[in-house]
Amino acid sequence: METEETEAEAVQLIYDMYASGKGYKAIVNHINKLGYKSKKGNAFSVAQLRTILTNPVYIGKVRYDARRNWNEKRRSNINPEPIIADGIHQAIIEEEQWNQVQFLISQKSGKPSRIYDGEYPLTGVLKCPECGAGMVISRVCNKKVDGSKRKLTYYACGNWKNKGTAVCHSNMIRVEKANSVVYQRMEEILNDDKVFNEVYSRVNREHNILKKNACMEQTLQEKERQKLENRMSRNHEAYEDGLITKEEFLTRKNQLEQQMEQVRERTNESRLILLEEERREIPKEAVRAILQNFSLALSGDIDHTIRKRLLHLLIKEITVDRDRNIDSIKIKLSDDLIRFLQNNGGTPPDGEPSVFMFREFGMKSLELELVI
């Protein structure tokens, strides 16, 4: 019961503040600082506020047919005209205040200026140094000495932007600074010999382990084969010396031959594994070509959206230190990245091995952490 009363208090406070002219960000900051939590026990976000302020359940109503197709979980399938009927639960918000809030929302429903994500490729992979949340775009308007204004664009903590200072701080870093540093460091990383050797070792690690196990198996079976040959020889000598009967000799001989056949089968299996893994091993030339190809794609004059997608396929995570400088980059190579390059003209210069040899060799996902 106490939880329901606390929830009702939070909802009432949200409606009161919005009706008084407060914006989403100010409301989120205030209620989170007061310690209110959502039904799931988390801090409130801007998105949750929008849902609360437009949900008729708080005035004692129920809403049916909110989605046009329940099989689709996308915003595009939200029904703009759902069925609203009287419920049997008690209202939290007065209908007069509800109507006031809906009017204010309708007056602010104009679409905001669009932020073109392709121009800000590090959103999502750039992580907040304080809470670890993905960084998003935030714009600040500064006033110059001559009175004119200029807009600056930053990467800022997603938790701070959506849930306020009660959850985290802005930890902003200029977009131009972050982009420039990451592009430069990625080019250096992808052309570094130490990185090349590490990547080459990682992509062939599984093949090398299987080859090592196959060689060990061959050694074991060779020792077993020699033991069986000695036992066969002793069995034959025992028969010739009259120490065992013919029936005993034949019985032991059949048993030893069956064991020898099993040894041959296991030896052949390990030999086939060894040959297969040597065939599937990715050549150094192919690894070198693909790393150089990434570098060319990142530094070249390509579409913003394509560069962002390439970076997100290549980079797992970028961390920022407390001084708001790029701290570390975790890169990954995967089949998805190879396919992306194949579909976007990622062919290396003539005479170099195709980077798509990786697919032929059955390359699996690789993650390599590089601290810079």
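Which side chains meet in a salt bridge at 3.3 Å, N to O? The pair is Arg174 and Glu176, a salt bridge being a side-chain nitrogen of Lys or Arg within 4 Å of a carboxyl oxygen of Asp or Glu.

## About the model

This is a predicted model, where local features need pLDDT of at least 70, side-chain atom pairs count only at pLDDT 80 or more, and totals for chains, interfaces and linings use all residues. Residues are numbered from 1 along each chain as its sequence is written, and side-chain values use heavy atoms, with hydrogens and water left out.

## Salt bridges

Searching the whole structure turns up eight salt bridges. Back to the opening pair: Arg174 is partly exposed at 30% relative accessibility, and Glu176 is partly exposed too, at 46%. (Buried means under 20% relative accessible area, exposed over 50%, and partly exposed in between, with a 1.4 Å probe and protein chains only.)

Lys39 pairs with Glu7, their closest N and O atoms sitting 3.7 Å apart. Lys39 is in the loop between H2 and H3 while Glu7 belongs to helix H1 (residues 2-19), so this bridge ties together parts that are 32 residues apart in sequence. Lys39 is exposed at 72% relative accessibility; Glu7, at 26%, is partly exposed. Over in helix H9 (residues 246-280), Arg264 and Glu261 are three residues apart, or about one helical turn, and their side chains meet at 3.2 Å, N to O. There's also a network of salt bridges linking Glu222, Arg225 and Glu229.

## Two crossing helices

Helices H2 (residues 24-33) and H3 (residues 46-53) pack at about 100 degrees, with axes 9 Å apart. Axes here are lines fitted to C-alpha atoms over the stretch in contact, and angles run from 0 to 180 degrees between N-to-C directions. That makes the two helices roughly perpendicular (65 to 115 degrees).

From H2, the contact (heavy atoms within 4.5 Å) uses Tyr24, Ile27, Val28 and Ile31; H3 brings Val46, Leu49, Arg50 and Leu53. By class, that's seven nonpolar residues, no polar ones and one charged.

Strands E4 (residues 135-143) and E5 (residues 149-157) run antiparallel, joined by nine bridges. Helices (H or I, at least four residues) and strands (E, at least two) are DSSP runs numbered from the N terminus, and two strands pair if DSSP finds at least two bridges between them. E4 and E5 make a hairpin with five residues between them, and Gly147 in the turn has a positive phi of about 95 degrees.

E5 also pairs with E6 (residues 173-174), again antiparallel, over two bridges. Tyr155 of E5 stands opposite Ile137, and its bridge partner in E6 is Ile173.

Note on methods. Angles under 35 degrees count as roughly parallel, over 145 as roughly antiparallel, 65 to 115 as roughly perpendicular and the rest as oblique. Ala, Val, Leu, Ile, Met, Phe, Trp, Tyr, Cys and Pro count as nonpolar, Asp, Glu, Lys and Arg as charged, and the others, Gly among them, as polar.
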